[in-house]
Amino acid sequence: MKPPVITPEIVQAILPFVILALGATAITMTGIWKSKRGALLSLIVLLISAWKLGPLVEGGPTITWAGAIVADRLSMLLSAVLVCSGLLTVLIARPVLRRENNDRPEFYGLLLFSLSGMLLIVSTTNLLVIFLALELLSLPLYILCGYNREDARGGEAALKYFLLGSFSSAIFLYGTALLFGATGTIDLAAMVEGDRLLSITGALLVLSGFLFKVGAVPFHMWAPDVYDGAPTPVTSFMATSVKVACFGVLLRLFALAGEAGGPFALLMRGENMGNVLWWIAVLTMTVGNISALTQSNIKRMLAFSSIAHAGYIFLGLIPGSGSVDVRGVLYYLIAYVFMTTGAFAVVAALSSRDRGREVTGVERYAGLGFRRPYLGLAMTVFMISLAGIPPTAGFFGKYLLFSSALDRGLTPLVVIAVLNSALSVYYYLRPVVVFYMRDTDRPVQVDDSITLKLAVFIGVVCVLWGGFAPDLGSLPGVPTILGWVEASAAALP
Amino acid sequence: MNPYVPLLAVLVVAFLLPVLLLAISSVAGPKRDEREKGDPYECGVPQPDNPHHRFPIKYYLVAVLFLLFDVEAVFLYPWAVVYRDLGVFGLIEMSIFLGMLLIGLIYIWKRGALEWD
Amino acid sequence: MAPTEQYLLVSAALFVIGCVGVLSRRNLLVVLMSIELMLNAANLTFATFARASGLIDGQIVVFFVIAVAAAEAAVGLAIVVALFRKKETVNLDRFTMLHQ
């Protein structure tokens with residue numbers, strides 16, 4: 001038996017992941033002497049990781065190693081998005097933890113552990129590695145949900161997330177076992193259709209494991225409660241990064257299946273199974289949007305909205321008469337990360353704690369538009385982007401997804417999605433209305449720390465940059481998100 | 001006649017006899033309810049406490065730590081089996097693995113998780 | 001040596017028992033055990049298929065799953081202990097703050 005050869009290329013490809021994992025270990029260890037520099041250290045680690053990742057996003061061949069690691073432009077772009085999301089989360093988390101007097105390096109250590117799991121999960125086709133990475137990204141998140149020990153709601157959120165998360169992991173694992181039995185391999189890229197019943201059952205179980213993680217209907221029940229109970233920086237991280245990582249896996253999975261067949265092709269092509277994905281998309285966006293309508297707590301509203309956005313993304317995963325819309329899904333994921341993180345950054349700036357319990361009601365935003373014009377404007381940008389109104393990244397992402405779906409003959413689905421978007425305008429614009437139309441005598445407490453402002457600023461810039469992408473693309477030398485996305489999409493079969 | 005019929009008869013009698021005796025004693029015998037009768041033993045020291053006692057929560061911490069370090073040893077066995085084939089590569093890998101466990105141990109030790117009170 | 005189907009039936013039964021346990025039991029520790037049962041059902045399935053097909057992959061998976069299951073149980077127990085310190089109960093129905 002010969003151990004697999006470690007080449008310089010593979011070292012380079014997994015270096016961002018290794019840096020994050022080692023950094024996470026080191027930062028956790030500084031908890032021994034209760035260091036207060038967790039945020040700074042984690043920013044340094046993230047930046048080093050991003051620096052090593054940069055050249056790989058720009059190009060380079062697809063590297064596979066021992067059937068466990070697949071490093072191509074898709075995985076590198078997703079990794080870059082995840083690292084960005086991690087950076088923004090640290091920027092949001094530091095002031096929140098500081099003002100709650102709860103700034104411990106373990107928080108950042110766990111965050112980086114989770115992030116390293118996400119980097120791993122988007123760069124593999126091996127179901128065992130996917131399972132390990134899924135646990136590596138989930139376990140720290142369970143703990144982070146209950147990070148604030150004074151907040152009983154956070155503890156409950158941790159419990160709920162843990163129970164349903166490990167339940168879904170177990171379902172995923174059983175599905176993997178059945179797929180192994182049916183096809184004799186655990187490498188998705190090498191899977192060919194074996195025993196039909198085993199293949200379909202296994203593929204369905206694996207898929208439902210992921211549906212749990214991305215909060216798709218009918219596996220969405222945990223999302224509003226957990227998002228509401230967790231500390232705001234953690235909610236922001238969960239709502240964005242976990243979705244990017246899991247949709248990254250689903251994207252690769254469906255793209256591979258569309259090309260090479262195998263158990264998951266059965267789900268996509270079979271006469272009734274195409275309908276299952278269709279129903280998931282319809283139900284996820286509709287249930288998310290309708291539930292969001294009645295929320296007065298902005299964190300809960302964003303939680304339901306993140307369910308609805310998962311529904312839109314599913315639109316791109318249905319092959320219809322063509323193939324999976326890699327470009328649209330990737331673009332939408334990137335847009336979604338920046339607009340949602342930005343919105344949560346504003347929520348974090350405005351929230352406070354009342355006897356351990358976090359207060360995030362929408363009435364706190366009354367008059368913000370006049371008293372804090374920049375913050376109000378930023379939140380307005382995030383909200384219209386989430387609603388899909390031009391000239392924002394959210395609009396352009398929806399445009400790409402919907403037009404591509406029309407080309408693939410999914411007209412009824414697109415009609416439903418457009419109706420849903422129209423419905424969502426109502427609840428996204430409500431905070432904006434409260435900003436500018438209502439005023440109170442109550443003083444507004446706003447967290448003025450520089451890192452929060454930076455996070456909001458980065459969010460606004462990226463959302464607008466993404467929205468103007470088609471025009472900027474014509475300027476020479478200016479990179480566009482769309483350009484990166486198209487180059488990454490070309491890496492898949 | 002089947003040679004097993006006597007055996008069957010013995011079985012029937014063996015079954016009926018205790019049933020009959022128990023029935024007679026429960027119908028004809030005197031009944032006195034006393035607290036001692038509910039105790040697990042008819043003699044010896046009186047029971048001090050309810051046996052369904054909750055463990056102090058500190059034991060759970062020990063259980064968690066034991067679980068982690070105990071189960072990770074599962075990787076040592078297959079490595080030991082193919083130790084000669086893997087050679088230096090396997091030794092380095094296993095050292096990295098044990099090094100990580102060691103870092104974890106140092107962390108929980110320094111954070112005071114191993115202190116009882 | 002029992003045929004493969006019997007092992008698969010046992011593991012499927014274990015998986016279903018675990019599933020039902022998670023969904024119906026109210027004691028947190030029992031729910032944790034049920035999740036472990038589901039993971040071990042998957043392990044048994046892997047081992048069975050690995051033995052039946054002579055592929056080593058399935059057995060490798062089992063090792064990793066055992067280790068991961070321990071980590072998961074540790075995190076779960078830690079969360080339960082942290083909650084117990086606050087509420088003095090392990091009954092799931094008593095944790096209802098998030099719906100208000």
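## Chain B: an open chain

Buried residues account for 0% of the 117 residues in chain B. The model is predicted. Chain B holds four helices and zero strands. Along the sequence, the pattern reads α-α-α-α.

Chain B is divided into two parts: domain 1 covers 5-38, and domain 2 covers 58-110. How far apart are the centres of domain 1 and domain 2 of chain B? Taken over C-alpha atoms, 58 Å separate them.

## The end of chain B

B:Asp117 sits in the segment after α4 (83-110) of chain B. Is B:Asp117 buried or exposed? B:Asp117 counts as exposed, because it has 3 C-beta neighbours inside 10 Å, and a residue with 12 or fewer is exposed.

B:Asp117 can also be placed relative to B:Val88. The two are 29 residues apart in sequence. In space they lie 43 Å apart, C-alpha to C-alpha.

## Where chain B meets chain A

Chain B does touch chain A. The contact takes eight residues from chain B and seven residues from chain A. On the chain B side, five residues are nonpolar and three are charged.

## Where chain A meets chain C

Chain A also touches chain C. Here 32 residues come from chain A and 30 residues from chain C. On the chain A side, α5 (127-145), α6 (152-183) and α8 each supply at least two residues. Which helix gives the largest share of that side? α6(A) does, with 18 residues.

The chain A side of this contact divides by class into 19 nonpolar, seven polar and six charged residues.

## Helix α8 of chain A

α8(A) supplies residues to the contact with chain C, and this helix is mostly covered. Seven of its eight residues are buried. They are A:Ala223, A:Pro224, A:Asp225, A:Val226, A:Tyr227, A:Asp228 and A:Gly229.

What do these buried residues pack against? Their partners in chain A are α5, α6, α9 (232-260) and α12 (298-317).

## The nonpolar core

The largest nonpolar core has 219 residues. Which members touch the most others? They are A:Tyr174, A:Leu333 and A:Val346. Helix α13 (residues 326-350) of chain A gives this core its largest share, 20 residues.

A:Val346 shows what such contacts look like. Leaving out residues up to four places away in sequence, A:Val346 touches A:Leu375, A:Ala378, A:Met379, A:Phe382 and A:Val456.

## Helices α1 and α2 of chain A

α1(A) and α2(A) pack with their axes 8 Å apart, at an angle of about 175°. That angle makes α1(A) roughly antiparallel to α2(A), because angles over 145 degrees count as such.

Both helices bring several residues to the contact. From α1(A) come A:Ala13, A:Leu15, A:Pro16, A:Ile19, A:Leu20, A:Gly23 and A:Ile27. From α2(A) come A:Gly38, A:Leu41, A:Ser42, A:Val45, A:Ile48, A:Ser49, A:Lys52, A:Leu53 and A:Leu56. By class, 11 of the contact residues are nonpolar, four are polar and one is charged.

## Positive phi in two loops

The loop between α1 (8-29) and α2 (38-58) of chain A holds A:Lys34. Phi of A:Lys34 is near 50°, a positive value in a residue other than glycine. A:Lys34 is exposed because 12 other C-beta atoms lie within 10 Å, and exposed means 12 or fewer.

A:Asn101 also has a positive phi, near 60°, and is a residue other than glycine. A:Asn101 is found in the loop between α3 (73-99) and α4 (105-121) of chain A. Buried or exposed, how does A:Asn101 count? A:Asn101 counts as exposed, with 7 C-beta neighbours inside 10 Å.

## Cis peptide bonds in chain A

A:Val217 and A:Pro218 are joined by a cis peptide bond, with omega about 5°. A:Pro218 belongs to the loop between α7 (196-214) and α8 (222-229) of chain A.

A cis peptide bond also joins A:Pro390 and A:Pro391, where omega is about 5°. Where is A:Pro391 placed? A:Pro391 lies in the loop between α15 (373-387) and α16 (393-407) of chain A.

How values were computed
Residues numbered from 1 in each chain as written. Chains lettered and ligands numbered in written order. Predicted model: local features only at pLDDT ≥ 70, side-chain atom pairs only at ≥ 80, totals over all residues. Buried ≥ 20, exposed ≤ 12 C-beta atoms within 10 Å, placed from the backbone. Domains from an automatic or database assignment. Contact = placed C-beta atoms within 7 Å. Nonpolar A, V, L, I, M, F, W, Y, C, P; charged D, E, K, R; others polar. Core = buried A, V, L, I, M, F, W, Y, C linked by C-beta atoms within 7 Å. Axes fitted to C-alpha atoms, helices over the stretch in contact; angles between N-to-C directions. Parallel < 35°, antiparallel > 145°, perpendicular 65-115°, else oblique.
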